[in-house]
Amino acid sequence: MVSREMIPAGHPHIGKLVQHQIRVFPEHEGFLRERFSSLSDAGWLFIEEIAAKVLQVAGERLERVCEDYRWLSGVVLEEELHFRRTGRYRFATFEQADAEVYSRPELMSRYMNGLLASQLWWRNHTEMLNYFRDDFIECNAVGFDHLEIGPGHGLFLYLAAASQRCGHAEAWDISDASISNTHHALNAMHLTRQVLISKIDLFDAPDRQFGSIAFSEVLEHLEKPRDALAILHRLLRDDGRLFLNAPVNSPAPDHIYLFETPEELLEMIRNAGFLLESIRLSPCTGATLEWARRRKLTISVGVIARKA
Amino acid sequence: MENDLERITTIVRNLFDEYEGPVTPMLSARDVAQWNSLLNVQFLVLVEKEFGIQFSSRQVAQFKNIGELMAALQAKRTPQ
């Protein structure tokens, strides 16, 4: 049983997930203790909600999800080793990431399972979800029409589409496997709103506009993030809001564009013609922001922006 | 070997700046709050650069304490 020191009573979903994760990955207990060591009451409420959703999405694959998170942790350490030795991500082109990651269905399945679990275990991931829901979705105009590009595990898309303020939600992705994965996730979470997920490449985006756009953890996967930001500017209505989330110093198998500081990313967004309504910097688990900056550790950069 | 420990101590003090305890061959990640698996990689790469050597991926994951690290450094210097 996971001790109540780590997970307080009244949080059965996160408790169940932590128990499974530690059983599969006992060496990770110390990390998880650190991760949950200073959570506020509101933080516990939120993570319990997200844990309930992750349990729904994982379903009978819970053991597999936890095992794949363990696998992902090993993969990330390999990428970290390369990054610290060279100062660069291993890959620099989409073709390289496609050959080593996207075109390998078994690996992609493990990767997506691992990322699902990371939404709970990596403090910066959970904080970005929370920022998205509380500061972006719940502050959008009532009846907002929403687009997410690259919805992946589906949690951001679910939070948007399940909001009572939402009028319409859809998503675009370039991968059939990812689209299937997102559909599964939304069904598992019992989303009642119909959400259309289309196979559309951002760089071939149709001539449409939206009042709300989410672009979470996509920029670092692109060779030309500036081009993507220019298209997002076109897609956003003049009175619309953009949520953007990308990590700095975050080696991963398919990360190809390295942002070295939050300021580098923020300047790129401003230069694309956006006004930054709010910014949230979330360092990786166990790090203060100051220490993360000094040691060039991973920092998730969340931005809510409007057209300038 | 003594010089090795001094050089490793400098790396430990710079990287794990909240740790004020002694740096001995018995020191391990358990003793240092900031020393998690990601920082372990960063620590070992700093040691690689300081000593001009490279560990295998398996070694990076396996050192239990500073003493084992120092033994590996010594082994890399000893002609096979």
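The legends below accompany close-up views of a predicted model.

**View 1. The seven-stranded sheet of chain A.** In this predicted model, 7 strands of chain A form an open sheet with mixed pairing, and their order is 3-2-1-4-5-7-6. Strand 3 (196-199) and strand 6 (274-283) of chain A are the edge strands, each of which pairs on one side only, while the twist from one strand to the next averages 15°. Strands of a sheet pair through backbone hydrogen bonds, either parallel or antiparallel. Strand 1 (residues 144-149) and strand 4 (residues 210-216) of chain A pair in the parallel sense over 3 bridges, and A:Glu148 stands opposite A:Ala214 in strand 4 of chain A.

**View 2. Helices 7 and 9 of chain A against the sheet.** Helix 7 (residues 123-136) of chain A packs on the sheet, where it touches strand 1, strand 4, strand 5 (236-248), strand 6 and strand 7 (299-307) of chain A, and its direction makes about 145° with that of strand 6 of chain A. Helix 9 (residues 176-188) of chain A lies across strand 2 (166-173) and strand 3 of chain A, and runs at about 175° to strand 3 of chain A.

**View 3. The largest nonpolar core.** This core has 65 residues, and those with the most contacts inside it are A:Phe215, A:Leu219, A:Leu232, A:Leu244, B:Phe16 and B:Phe43. Helix 2 (residues 37-51) of chain B gives the most to this core, with 7 residues. Leaving aside neighbours within four places in sequence, A:Leu219 is in contact with several residues, including A:Pro225, A:Leu244, A:Tyr257 and A:Phe259. Apart from this core lies another, of 64 residues, among them A:Leu55, A:Val65, A:Val76 and A:Val195.

**View 4. Aromatic pairs in chain A.** Over all chains, a search of the whole structure finds 18 aromatic pairs. The rings of A:Phe25 and A:Tyr69 are tilted, because their planes stand at 55°, with the centres 6.2 Å apart. This pair links distant parts of the chain, 44 residues apart, with A:Phe25 in the loop between helix 1 (12-24) and helix 2 (29-35) of chain A and A:Tyr69 in helix 4 (residues 62-86) of chain A. A:Phe25 is buried, with a relative accessible area of 10%, and A:Tyr69 is buried at 0%. A:Tyr257 and A:Phe259 form another tilted aromatic pair, 4.9 Å centre to centre with 50° between the planes.

**View 5. A ring cluster in chain A and a charge over a ring in chain B.** Ring pairs link A:Tyr131, A:Phe132, A:Phe136, A:Phe156 and A:Phe243 into a cluster. In chain B, the charged end of B:Arg7 sits over the ring of B:Phe51, 4.1 Å from its centre.

Technical notes: Residues are numbered from 1 along each chain as its sequence is written. Chains are lettered from A and ligands numbered from 1 in the order in which they are written. This is a predicted model: local features need pLDDT of at least 70, side-chain atom pairs count only at pLDDT 80 or more; totals for chains, interfaces and linings use all residues. Side-chain values use heavy atoms; hydrogens and water are left out. A nonpolar core is a set of buried Ala, Val, Leu, Ile, Met, Phe, Trp, Tyr and Cys residues joined through side-chain atoms within 4.5 Å. Buried means under 20% relative accessible area, exposed over 50%, partly exposed in between (1.4 Å probe, protein chains only). Helices (H or I, at least four residues) and strands (E, at least two) are DSSP runs, numbered from the N terminus. Contact means heavy atoms within 4.5 Å. Rings of Phe, Tyr and Trp (its six-membered ring) pair if their centres lie within 6.5 Å; planes under 30 degrees apart count as stacked, over 60 as edge-to-face and the rest as tilted. A charge sits over a ring if NZ of Lys or CZ of Arg is within 6 Å of the ring centre and within 35 degrees of the ring normal. Two strands pair if DSSP finds at least two bridges between them. Axes are lines fitted to C-alpha atoms, for helices over the stretch in contact, and angles run from 0 to 180 degrees between N-to-C directions.
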